Amino acid sequence: QVYPLESGGGSVQAGGSLRLSCKASPYFLSYNAMAWFRQVPGKAREGVASFVIVGGITYYHDSVKGRFTISLDSDKQTLYLQMDSLKPEDTGVYYCAASSFRPRPQSWDSESDFGEWGQGTQVTVSS
């Protein structure tokens with residue numbers, strides 16, 4: 001299997017909820033941050049949310065603030081993304097990523113800082 005390993009994608013109607021999970025690789029103890037990115041059709045991949053492991057600091061894309069919650073279970077080495085009040089524009093492929101760098105507030109979603117990427121899981125929200 002390829003790690004990080006995402007799961008939990010699927011199809012849901014607008015207003016519904018989904019929870020994504022991401023099992024970390026064996027290099028989890030070398031991580032400083034884990035994050036979720038998404039590839040929306042016709043657009044560049046964008047950061048959705050990031051979790052800084054030491055300190056538990058979180059960052060969110062403006063479009064998901066108040067609707068999505070990122071969390072980490074360190075014992076299970078698993079990252080989660082709870083997605084509520086889903087909208088059709090949330091449709092896309094969601095990727096889990098891990099970084100050995102501690103992200104800075106102004107560049108928490110810099111893809112070049114993330115060295116490990118999952119294969120993605122599809123999320124489809126219908127209106």
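Strands in this predicted model are DSSP runs of type E with at least two residues, numbered from the N terminus.

View 1. Taken along the principal axes, the C-alpha atoms occupy a box of roughly 40 × 35 × 25 Å. Among contacts with a separation of 6 or more, 59% are made by residues 24 or more positions apart.

**View 2. Burial and accessible surface are considered for the protein chain as a whole.** Of its 127 residues, 44% count as buried. The accessible surface comes to about 6,400 Å², and carbon and sulfur atoms contribute 49% of that area.

**View 3. Tyrosine 59 and tryptophan 108 form a stacked aromatic pair.** The structure holds five aromatic pairs, and in the one shown here, between tyrosine 59 and tryptophan 108, the ring centres lie 6.1 Å apart with 10 degrees between the planes. This pair links distant parts of the chain, since tyrosine 59 belongs to strand S6 (residues 57–60), whereas tryptophan 108 lies in the loop between strand S9 (92–99) and strand S10 (116–117), 49 residues apart. Both tyrosine 59 and tryptophan 108 are buried.

**View 4. Phenylalanine 114 and tryptophan 117 meet edge-to-face.** Their ring centres are 6.4 Å apart and their planes stand at 65 degrees; because planes over 60 degrees apart count as edge-to-face, the pair is assigned to that class. Phenylalanine 114 has a relative accessibility of 5% and therefore counts as buried, whereas tryptophan 117, with a relative accessible area of 22%, is partly exposed. Ring pairs also bring in Phe37, so that Phe37, Phe114 and Trp117 are linked into a cluster.

**View 5. Arginine 45 is placed over the rings of tyrosine 95 and tryptophan 117.** The charged end of arginine 45 sits over the ring of tyrosine 95, at 5.0 Å from the ring centre. Arginine 45 also lies over the face of tryptophan 117, where the distance to the ring centre is 4.0 Å.

Notes. Residues are numbered from 1 along each chain as its sequence is written. This is a predicted model: local features need pLDDT of at least 70, side-chain atom pairs count only at pLDDT 80 or more; totals for chains, interfaces and linings use all residues. Side-chain values use heavy atoms; hydrogens and water are left out. Rings of Phe, Tyr and Trp (its six-membered ring) pair if their centres lie within 6.5 Å; planes under 30 degrees apart count as stacked, over 60 as edge-to-face and the rest as tilted. Helices (H or I, at least four residues) and strands (E, at least two) are DSSP runs, numbered from the N terminus. Buried means under 20% relative accessible area, exposed over 50%, partly exposed in between (1.4 Å probe, protein chains only). A charge sits over a ring if NZ of Lys or CZ of Arg is within 6 Å of the ring centre and within 35 degrees of the ring normal. Contact means heavy atoms within 4.5 Å. Accessible areas come from the Shrake-Rupley method with a 1.4 Å probe; for residues, only the protein chains shown count as cover.
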